[in-house]
Amino acid sequence: MPPVTTARLFTLGPVEMDNDTLRLGSTRLPYFRTSDFADVMLEIESMTKALIGTDAASRLAILAASGTGAMEAAVISTFTRLDKVLVVEGGDFGRRFGQICRVHGIPYEPLHLAFGEELTLDHIQKYDAKGFTGMLVNIHETSTGQLYNIDLIRSFCQANQILLVIDAIGSFLADYYHMDNFKADVTILSSQKGLGLPPGLSLVVANHSTCEKRIFPNSPTSFYFALSRYFTDMLRGQTPFTPAQSIVYQLHDKLRRITQAGVESYIHHSAMLASDLRSRLTCLPLVVPEYNLSNALTPVICEKAYDIFLRLKEEHDMYVNPAGGDFKEVLLRIGHLGNLTVDDNRSLVEALQIVMTS
Ligand SMILES: *Cc1c(COP(=O)(O)O)cnc(C)c1O
């Protein structure tokens with residue numbers, strides 16, 4: 001048994017799960033190579049496509065992997081050593097895309113952004129007509145909170161006629177997302193962020209032309225992460241390997257509820273929590289960066305950030321998200337995903353007041 005926790009999570013995965021999801025996580029599992037299970041999978045497929053805004057001809061792969069597994073699967077199934085990919089490296093997750101390209105010998109160039117630097121037309125214009133064939137971007141770079149300007153990215157990709165792969169893991173259900181309107185060819189999602197499920201399941205959606213021209217003809221050097229088998233098996237509601245079965249049921253239930261309530265109500269809830277928290281924070285000795293922010297989280301720059309993280313955990317039973325590497329002592333991220341309320345924000349700010357002034 002994991003330790004029974006009473007702590008409130010303001011983290012960016014896992015997030016606070018709701019009671020329906022928690023209850024489903026404790027149920028017994030049936031065998032899954034059946035038409036009953038296939039029906040669940042096929043409903044997941046159609047609901048996912050509708051919720052992320054892509055047409056029925058797009059394909060879905062459901063992986064038993066954390067989000068990085070889906071990033072790797074998407075990159076190696078879509079691109080080859082003959083490509084040249086532009087990677088927006090504005091933080092840890094952008095760098096991860098670069099690392100994946102490097103490991104697999106896929107030529108890429110990083111579009112580097114310093115901390116606090118906003119992606120602008122000036123940055124992106126430099127790469128016009130330079131022979132790029134694809135672009136990789138985490139539309140919300142969750143390590144900094146920056147939500148990139150999709151208009152810039154879409155125009156660049158359309159003008160250069162290149163493939164656009166969007167990691168929407170940190171953004172889906174917190175910010176507006178529409179795969180087809182965004183002109184994204186591939187979308188990557190994961191269970192433990194906006195969907196509010198346990199970690200361990202991730203999704204890749206690719207549009208029809210990318211499947212036909214790229215993913216099916218490709219032979220990536222990975223057995224487990226080659227997407228074509230997932231897409232083919234999904235036609236009959238199955239996966240090539242054992243699925244993360246309990247999360248599949250939790251996903252099915254959650255997608256039904258999102259479909260019923262409307263995706264806008266989830267986005268609205270995160271946006272409301274974000275603006276509520278940001279207005280409460282003005283009384284504290286910290287700075288919220290100026291770049292365009294996702295509703296998924298609020299980054300705060302303050303002194304002794306890691307110390308604050310530890311004291312919130314030890315003294316107040318609350319987890320905010322510490323930063324890694326160079327930013328450990330100066331940056332915290334406060335999440336607005338999952339089953340959180342304005343009351344949670346109020347309690348957190350009260351705790352922050354105590355911790356930051358004593
Ligand atoms: C959380 C996250 C991921 C996935 O990370 P894992 O730890 O592998 O689940 C990928 N991209 C972004 C933008 C994320 O926020």
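Predicted model: local features only at pLDDT ≥ 70, side-chain atom pairs only at ≥ 80, totals over all residues.
I started with Lys 49, which pairs with Glu 45 in a salt bridge whose closest N and O atoms sit 3.3 Å apart. I looked up where the two residues sit, and both belong to helix α2 (residues 35-52), four residues apart, or about one turn of the helix. Buried or exposed, I wondered for Lys 49 and Glu 45? Lys 49 is buried, and Glu 45 is buried too.

**Other salt bridges**

I picked out Arg 23 and Asp 20, whose side chains meet at 3.3 Å, N to O. They are about one helical turn apart, because three residues separate them in helix α1 (residues 19-24). For exposure, I noted Arg 23 as exposed, at a relative accessible area of 53%. Asp 20 counts as partly exposed, at 29% relative accessibility.

Then I went to Asp 343 and Arg 346, where the salt bridge is 2.5 Å from N to O. Here too I checked the helix: the pair is in α12 (residues 342-357), three residues apart, so about one helical turn lies between them. I have Asp 343 down as partly exposed with a relative accessible area of 45%, and Arg 346 as partly exposed with 37%. I also traced shared partners, and salt bridges link Asp 18, Asp 20, Arg 23, Asp 253, Lys 254 and Arg 257 into one network.

**Around the ligand**

I moved on to the ligand and listed its surroundings: Ser 66, Gly 67, Thr 68, Met 71, Phe 93, Arg 96, His 140, Thr 142, Asp 167, Ile 169, Gln 192 and Lys 193. Sorted by class, that shell has three nonpolar, six polar and three charged residues.

Which helices each supply at least two residues of the shell? I found α3 (67-78) and α4 (92-103). The largest share, three residues, is from α3.

Thr 142 puts a polar side-chain atom 2.5 Å from a ligand oxygen. For Gln 192, I noted an N or O atom of the side chain 2.7 Å from an oxygen atom of the ligand. With Gly 67 the backbone is involved: one of its polar backbone atoms is 3.0 Å from a ligand oxygen. Last, I looked up how much of the ligand is covered: taken alone, the ligand exposes 380 Å², and the protein buries 88% of that.

How values were computed. Residues numbered from 1 in each chain as written. Heavy atoms only, no water. Near = heavy atom within 4 Å. Polar contact = N/O pair within 3.5 Å; in protein donor to acceptor, adjacent residues only side chain to side chain. Areas by Shrake-Rupley, 256 points an atom, 1.4 Å probe, with all protein chains shown as cover. Nonpolar A, V, L, I, M, F, W, Y, C, P; charged D, E, K, R; others polar. Salt bridge = Lys/Arg side-chain N within 4 Å of Asp/Glu carboxyl O. Buried < 20%, exposed > 50% of the residue type's maximum accessible area, 1.4 Å probe, protein only.
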